[in-house]
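Subject: Structure handover and side-chain contacts

Hello,

Please find the structure below. My notes on its side-chain contacts come after it.

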Amino acid sequence: MEVGFLGLGIMGKAMSMNLLRHGFKVTVWNRTLSKCDELVEHGASIGETPAAVIKKCKYTIAMLSDPSAALSVVFDKDGVLEQIGNGKGYVDMSTVDADTSSKISEAIKSKGGSFLEAPVSGSKKPAEDGQLVILAAGDKALYDEVVPAFDVLGKKSFHLGEVGNGAKMKLVVNMIMGSMMNAFSEGLTLAGRSGLNPSTLLDVLDLGAIANPMFKMKGPSMLKNNYSPAFPLKHQQKDMRLALALGDENAVPMPIAAAANEAFKKARSMGLGDLDFSAVHETLKKPDHSS
Ligand SMILES: NC(=O)C1=CN([C@@H]2O[C@H](COP(=O)(O)OP(=O)(O)OC[C@H]3O[C@@H](n4cnc5c(N)ncnc54)[C@H](OP(=O)(O)O)[C@@H]3O)[C@@H](O)[C@H]2O)C=CC1
Ligand SMILES: O=CCCC(=O)O
């Protein structure tokens with residue numbers, strides 16, 4: 001199967017590498033074109049623009065940072081819309097809001113192409129290992145056609161109905177995750193400041209009812225102040241912002257998510273946006289008055 005891939009950031013690189021490893025022919029494009037080189041070393045071809053990738057491939061996947069990137073790649077000069085048409089499918093796996101996804105869907109369909117949104121749960125390691133959870137919605141015929149790619153990228157894929165449902169599901173999941181990360185950070189800090197060993201807290205948590213893979217994976221590196229990015233904090237804050245907007249639309253009070261969003265904003269203001277989202281932990285540290 002031949003696929004195009006637009007966006008080779010942390011996730012896009014791991015996902016396209018995985019497709020290549022499983023025998024897919026992959027044509028890649030990235031805004032910073034030099035990021036294509038490593039993929040080419042592993043057998044990928046390069047498309048000079050998103051339009052060139054769409055022209056070459058029957059199916060194209062996108063994995064871009066945010067709504068403005070997702071819209072730009074479709075609507076701008078040399079973008080997806082210039083070459084999409086009958087018999088071509090576009091699968092946007094970026095995390096965006098339902099409105100953005102619907103705008104892209106309408107534009108693609110108006111040119112005769114088919115569209116699927118398919119954001120994912122799971123981070124860098126699951127992307128490398130093909131263990132993502134795929135939250136697809138939109139054209140069911142396209143979904144059925146790209147299942148072989150989803151089977152390589154993920155451990156499970158859902159088709160959630162009409163366009164927008166995948167985006168909403170993803171935002172709800174990440175809203176919960178961002179709130180949990182803040183509670184976890186507060187707990188680690190409280191343990192340390194009140195004279196407990198935070199490492200022992202990790203062991204206790206892991207044996208109880210709130211044990212989860214995120215605490216287990218992130219806890220030890222947070223205690224070492226290691227925030228090497230798997231899921232960049234700026235993207236987590238974008239997801240909190242979009243989830244809060246969904247809460248506004250539906251009149252759902254979300255005081256916990258709102259507080260978590262403020263903490264992620266504070267972390268961004270401290271210059272931590274490109275670090276892992278667990279760097280929100282740094283917002284709780286005492287300022288250093290030693291100098
Ligand atoms: N990292 C993670 O754990 C997960 C991330 N996600 C979501 O997946 C998406 C990608 O995340 P991730 O790979 O971590 O992000 P990165 O920041 O690593 O990569 C972002 C990608 O978007 C591209 N991009 C940004 N702005 C534009 C633009 N205006 N026009 C064209 N391309 C642009 C970047 O290009 P360039 O290289 O030129 O900057 C890069 O390829 C996001 O929506 C994120 O929320 C979902 C699940 C997990
Ligand atoms: O959007 C990012 C999700 C990260 C994860 O599910 O571990």
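The notes cover conventions, aromatic rings and then salt bridges.

This is a predicted model, in which local features need pLDDT of at least 70 and side-chain atom pairs count only at pLDDT 80 or more, while totals for chains, interfaces and linings use all residues. Residues are numbered from 1 along each chain as its sequence is written, chains are lettered from A and ligands numbered from 1 in the order in which they are written, and side-chain values use heavy atoms, with hydrogens and water left out.

Aromatic rings

Rings of Phe, Tyr and Trp (its six-membered ring) are taken as a pair if their centres lie within 6.5 Å; planes under 30 degrees apart count as stacked, over 60 as edge-to-face and the rest as tilted. The count by this rule is 4 aromatic pairs. One of them joins phenylalanine 184 and phenylalanine 215: the ring centres are 4.1 Å apart and the planes are at 10°, so the pair is stacked. Phenylalanine 184 belongs to helix H8 (residues 165-193) and phenylalanine 215 to helix H10 (residues 213-223), so the pair ties together parts 31 residues apart in sequence. Helices here are DSSP runs (H or I, at least four residues), numbered from the N terminus. Phenylalanine 184 and phenylalanine 215 are both buried (under 20% relative accessible area; exposed is over 50% and partly exposed lies in between, with a 1.4 Å probe and protein chains only).

A charge also sits over a ring: lysine 156 lies over the face of phenylalanine 158, 5.2 Å from the ring centre (the rule asks for NZ of Lys or CZ of Arg within 6 Å of the ring centre and within 35 degrees of the ring normal).

Salt bridges

The structure has 10 salt bridges (a side-chain nitrogen of Lys or Arg within 4 Å of a carboxyl oxygen of Asp or Glu).

- Aspartate 129 and lysine 125: the closest N and O atoms are 2.6 Å apart. The two residues are 4 apart in helix H6 (residues 124-129), so about one helical turn separates them. Aspartate 129 is partly exposed at 42%, and lysine 125 is partly exposed at 48%.
- Aspartate 144 and lysine 140: the closest N and O atoms are 2.9 Å apart. Both residues lie in helix H7 (residues 140-153), 4 residues or about one turn apart. Aspartate 144 is partly exposed at 44%, and lysine 140 is partly exposed at 42%.
- Lysine 285 and glutamate 282: the closest N and O atoms are 2.6 Å apart. Lysine 285 is partly exposed at 34%, and glutamate 282 is partly exposed at 22%.

Regards
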